[in-house]
Amino acid sequence: MRVPLQWLREYVDPALDTHAVADRLTMTGTKVEAIHHHGVGALENFVVGRVLEADQHPNADRLSVCVVDVGADSLYQIVCGAPNVAAGQTVAVAKPGAVMPDGSKLGKAKLRGIESNGMILAEDELAIGTEHAGIMVLATDGLVPGTPLEGVLPIATDVLELEITSNRPDCLGIYGVAREVHAATGAALAPPPWNEDSGTAGAVQGASITVKCPDLCPRFTARVFEDVKIGPSPPWLKAQLMAAGQRPISNVVDITNYVMLLTSQPLHAFDLDRVEGATLTVRRAHDGEQIDTLDGQTRTLDSDMVLIEDAAGPTSIAGVMGGARSEVGADTTRVLMEAANWDGANIHRTSLKLGLRSEASGRFEKQLQPEQAMEAQAVSTRLMIELCGARLVPGTIDVGGEGPPPKTIALRDARVRRLLGVDIPHERSAEILKALGFKAAWAHDGLEVTVPPFRRGDVTREVDLIEEVARIDGLEKLPATLPSRHGASGRLTVRQRLRRHAADALTAQGLHEIVGWSFAHPDLADRLRLAVDDERRNAVALENPISTDVSRLRTTVLGSLLDVARHNRARGAGTLRLFEAGAVYLPTEPGPLPREPYYAGALLAGAAHPPSWRDPQPRPVDFFAAKGVLQGLMDALRADWRLERAAEPFLHPGRAARILVAGMPAGWVGEVHPLVAAQWDLRDTVAAFELDLDAVPEPQIALYRELSEFPDVREDIAVVVPDHVTAAQLLALVRHAGGRLLADAQVFDVYRDPERLGEGNVSLALRLTYRAGDRTLTDEEVAERREAIADAVADQMGGRIRAS
Amino acid sequence: MTDRIAHIRAEAENAIAGAGDTEALESVRIQYLGRKADLPNLLRNVAELPAAERAATGKAANEARKALEAAIDQRAEQLAAAELDQRLERDRVDVTLPADPVPATGRLHLITQTQREIEDVFIGLGFNVAEGPEVETVYYNFDALNFESTHPSRLMSDTFYLQPTEDIFDTSALLLRVHTSPVQIRAMESQAPPIYIVIPGRVYRPDNDATHTPQFHQMEGLAVDTDISLGDLQGTLLTFARAVFGDERQVRLRPHFFPFTEPSVEVDVSCFNCKTGVTADGQRCPLCKGEGWIEILGAGMVDPNVFEYVRDNGYDPEQIQGFAFGMGIERIAMLKHGVPDLRMLYDNDVRLLEQFG
């Protein structure tokens, strides 16, 4: 909302400069988003002038060479292009050095060989109107050449651009803002401009209104004016509208806009002679009923929308937009001035459904109050009479009347103190509330406060009053204390610590965390080659995505990892070590909300280790690189986990595994299928995993285990087994056969040689560690276990121990 | 005979001293003390000497042998030390060559770092960390937070709804939460007062420019107790601002309007790039635009209407009261670290990720 300061100062004039006023408004809740300057600058160069001579320019048909008296015995020669310039006129003059509304500075100029010292001004050149056909000719009475123009026309003002919060529709009018300035600064507030009303109550001859839906139209008021003379508005009115950002059109239309900007209540002027039957009916539309609106479109309504019709049919969509048929025009002589009150929520829905917003609907939807309708009528009546020569037909049509009686709310001193943490004496509270238009009476524990109609929607409870008092008294006076807490203490949950721990374990292995989009492209499932019945195809879909490529929610974090890998590869990154931890979104049936398990995914590409002068070409990552990162993560979380071979459509079929945590499936690890990786322009091996972190149990408290004082016995053996035996199977068997004394067994080499080992065999070298907690093991004890292992391998796997 | 012994000893001592390396010394040892050398032979044959010479010769030969053995050991040590020195010298490296690569250091994303930093400040102030679903109902996202049915945030232009959505005013319609505030309601439904929580998480709004992305992160706070005041809100946020932006910071509360708080405020922190809007070199501060203050969050006292939705769980607005606040985690991160464009945080360019943490 734009508030020209010169307009504001008609009602409240604090002895403060623009910035100080802005600061007070901001600090009391009416945020000033910007301070603009409207109009001209270097005001000393704008004066009243009198045209003494106006002669034809020798070299240009359309120019006149004028001699202008600009006061102080100065005569300026000015070349003027206006057709209406003539000797004897009193005019507005800009002298060289003047700053025009667009910021340009006026200099001396030569026009077709003749020197020109300034400009004789048209309205639009001062930004106080839109007229450009000719110069402004000022009324001569009492205006002496040289008089500063500033005192004659509103040619310059600061304009505050305010953010009016949705709870304060009363501040969508200049007077409402003036009331705020009054309360915030203590400067005197002029009486409301609607205090004097020359209108009368009672029926109006020759016009009638019927409201068939009073629930949606709490009040409808109308007055009738005759002998209206349509014409341009006076300069002051045009200037106010221009500064407030509205284009002047004609006096009647300008009056409706001016009154709206002053009171916040929209009005509508009907040409009464074009209202068929001189009667208006407010009713719900029929489903499918159509109406042509002022913007030239045909709108289709439904029965929750309200329209206004005359005897010939609908003329406007109530509170949103009028119709062309009854619009005021140049030949209008009888005006029906409407100021109505509408149900805000209904106007909001109507404007939403129709996709049609107007200045009026934007105000009505914030819920104006019925009293404001008559305030607007009072101001417009005065202006219609003054500016249009109109005659008010006695009476006022008023359907619905005023709103409910004002509410009185107790404001308890103790409650003020408890909520704010500081005392505000109730004398001070009363002063503030009165300045804001409330009535306040003493009560034994505070105040009895009566809410004015224009704050009826916003202030309904004690807490609302406390806010009023606090914001005007000044929040800067509040103490800075900490809550007493009453024993409450803060900590992370075990699950939250586990998530932090997981992220730390991944960064410790050199992985950078990324934060990807929760959104996914609908074709992601295809690009990942997911089967038609894969659950991960079943993604949450958005009704109104910002674009199709982000119209789903992700069911895997692999998509964002691949996206980020491609982004970085395109910018020259060779080695990529990335992870993401966050929710995926899995629709559930039944149940309204999707499941949102917390996943951790990692992606590796490029070298497994950084290259150096000693190892210039480190090997690239592969399955085991990803498994290593996964192992680091699982070790950090002390999880009971293992892998088993399993296929994923987006993974290398021979290099893919399922992650089992405590025996339950919890994710996958593998090399991304080359055809999948290629879709993200990744041509080398990409290894990745994804783990449902929610499936990892919270770690148990670790209990102390005794450190053995006796030495371990270590020995290496090579076991030849058929190729189909997995390392995990072999180790399980060895551990079982090794019994209690076998403390550890690890694979440290894998060897294939058909000639020496036989076709279809593999040799796995194992490092065995034997230990007893209570003694030093003897060679015989170890040999016994080794034989047990050899027997088990031979019997159960058809394998053998190779000579070591 | 003793003269001969003396002669051998002198000769051997010279040879020991002259041995240039361990190998030469070993030859010397064999020459003078080996099985076939003169001195051991002499000792072996002492018994055959005349009795008068026997004692003197034996003693002299024995002394000579011991002396030579000692001399050889000593020389051996010298030579070994010298040879080690030589070998170490040969092992010299160019110390300016690059080190072995350290294991790469990974970083938490700046959003995560900032989230943890804020969480930790509030944990220190006695708050717990609460979480909730990102897909929400209209009820939790708007209705129970006292949003009027006319509030523009409810529109499809401001909120992502799930397919299919027939009516955005249906309380059970599904949407992506536009703030983490629904968790306030969920937390109060599950826990009676007092409650002190912060709520981090992803939120969604249909915007996309340098300061808005359709997905971003919020940190909300909620404190409800018998006596929480607006002054407590100011003190809590002052503590937060100083912990995150530096000990010199001030905060100021500006009145504002939010549906779920009353009174409502916007909170500014004093600029940490300038003094009262002017930088050290006299320029208008680009960070605070010359204002001296930077808006960081919205806050207020929880509106009694919000408590009405959870009244049965101990939240009688006559008995309890509280404050709530909400901030954008990205905004805090961008302000603190000077990141110019929010979208960069979602590009995840490794060159950016490496810069923080």
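Arg311(B) is partly exposed, with a relative accessible area of 35%; partly exposed lies between buried, under 20%, and exposed, over 50%, using a 1.4 Å probe and protein chains only. Its salt-bridge partner is Glu308(B), with the closest N and O atoms 2.8 Å apart. A salt bridge is a side-chain nitrogen of Lys or Arg within 4 Å of a carboxyl oxygen of Asp or Glu. Glu308(B) is also partly exposed, at 41%.

This is a predicted model, in which local features need pLDDT of at least 70 and side-chain atom pairs count only at pLDDT 80 or more, while totals for chains, interfaces and linings use all residues. Side-chain values use heavy atoms, without hydrogens and water; residues are numbered from 1 along each chain as its sequence is written, and chains are lettered from A and ligands numbered from 1 in the order written.

Over all chains there are 79 salt bridges. In one of them, the side chains of Glu180(A) and Arg471(A) meet at 2.7 Å, N to O. Glu180(A) belongs to helix 3 (residues 174–185) of chain A and Arg471(A) to helix 11 (residues 462–473) of chain A, so the pair ties together parts 291 residues apart in sequence. Helices are DSSP runs (H or I, at least four residues), numbered from the N terminus. Glu180(A) is buried, at 2% relative accessible area, and Arg471(A) is buried at 6%.

Another salt bridge joins Glu431(A) and Arg428(A), with the closest N and O atoms 3.2 Å apart. Both residues lie in helix 10 (residues 426–435) of chain A, 3 residues apart, about one turn of the helix. Arg428(A) is partly exposed, at 25%.

Definitions and conventions: Helices (H or I, at least four residues) and strands (E, at least two) are DSSP runs, numbered from the N terminus.
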